[in-house]
Amino acid sequence: MATTRIGFDRLPTTARAAVEQHTGPLLTIVEASEGFNSEIAARVTSATGTWHIKGLRADHPRAWTQRREAAIAPFLTGVAPALRWRVETGGWDLLGFDVLEGHHADYAPDSPDLQEVAALLCRLAGTPRPDIDLRHAEQRLERYAAHPNDLRFFAGDHLLHTDLNNANVLVNTRTSQGDQAHLVDWAWATRGAAWLDAGYWVIWLIAAGHTPASAERWAAATPAWHTAPVEGIAAFAAANRNVWEEISTADPDPWTVRLAAAAATWHDHREAA
């Protein structure tokens, strides 16, 4: 379920003052329209710089996502924006990130962004998994796997993002090719098999208009995909069909229904293979 967004100006005075200890007096505040997991999401500017701020109340049911992002941020050089400061006061937990310029990735079949996203997943695959507490992929998918024995395919020791929503991928075409895309929103970082992020990408690609075969060809642009057993891919497609069916039933927004249809299409494709 999406988290209700509130304006930055509704923060208590103590929390805003703590932010300005890092930024100096704020000159502009632009509320973000995208994203589902933060109560506060804004780009703020002062005389000394610009930051993206995201935050949750300290007693929010998903407050653990703020702690996860703060813990993992130092290990994501080259694949995510740097975390510059954290404020925990006034009942709020606020993170201040470097602002990444660029546009949200376009996943359409003819998009030039696809090559950059594939390169990003390759860089992520080469990022060592930090020694911090992460959920395991097989735990996250335990309720959704068609057969308990399928869970073995999802286990592994690699760092995964797991939310390849195109809004979480920023592409800056002014930088060098192969290094233009970066991932934001690491709340659902997970430990698991190296090929799973490419699998999550497949579902979003189908939702953007790809055929299952086309989506899998893009997944195959990442070396990790070639380590996936055929039975494992089928099991992953089956589990994610169940995930998205549950999500779209509980929260039937157009985008959740679209993702549920994409996951079902992929599963049907794998069943027919």
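1. Start with helix α7, residues 230–250. Its 21 residues should span 30 Å at 1.5 Å a residue, and its end C-alpha atoms lie 31 Å apart, so the two values agree. The expected span is 1.5 Å times one less than the number of residues. Helices here are DSSP runs of H or I with at least four residues, strands are E runs of at least two, and both are numbered from the N terminus.

2. This is a predicted model: local features need pLDDT of at least 70, side-chain atom pairs count only at pLDDT 80 or more, and totals for chains, interfaces and linings use all residues. Residues are numbered from 1 along each chain as its sequence is written, and side-chain values use heavy atoms, without hydrogens and water.

3. Which residues of α7 are buried? Among them are Ile233, Phe236, Val243 and Trp244. Buried means under 20% relative accessible area, exposed over 50%, partly exposed in between (1.4 Å probe, protein chains only). The cover over these buried residues includes α5 (196–207) and α8 (254–272).

4. Look at α7 against α8. They pack at an angle of about 155 degrees, with axes 8 Å apart. The pair is therefore roughly antiparallel (under 35 degrees is roughly parallel, over 145 roughly antiparallel, 65 to 115 roughly perpendicular, the rest oblique).

5. Two loop residues deserve a check. Threonine 162 has a positive phi, near 75 degrees, and is not a glycine. Threonine 162 sits in the loop between β8 (158–160) and β9 (169–171) and is buried at 8% relative accessible area. Aspartate 185 also has a positive phi, about 60 degrees. Its loop runs between β10 (181–183) and β11 (190–192). Aspartate 185 counts as buried, at 12%.

Conventions: Contact = heavy atoms within 4.5 Å. Axes fitted to C-alpha atoms, helices over the stretch in contact; angles between N-to-C directions.
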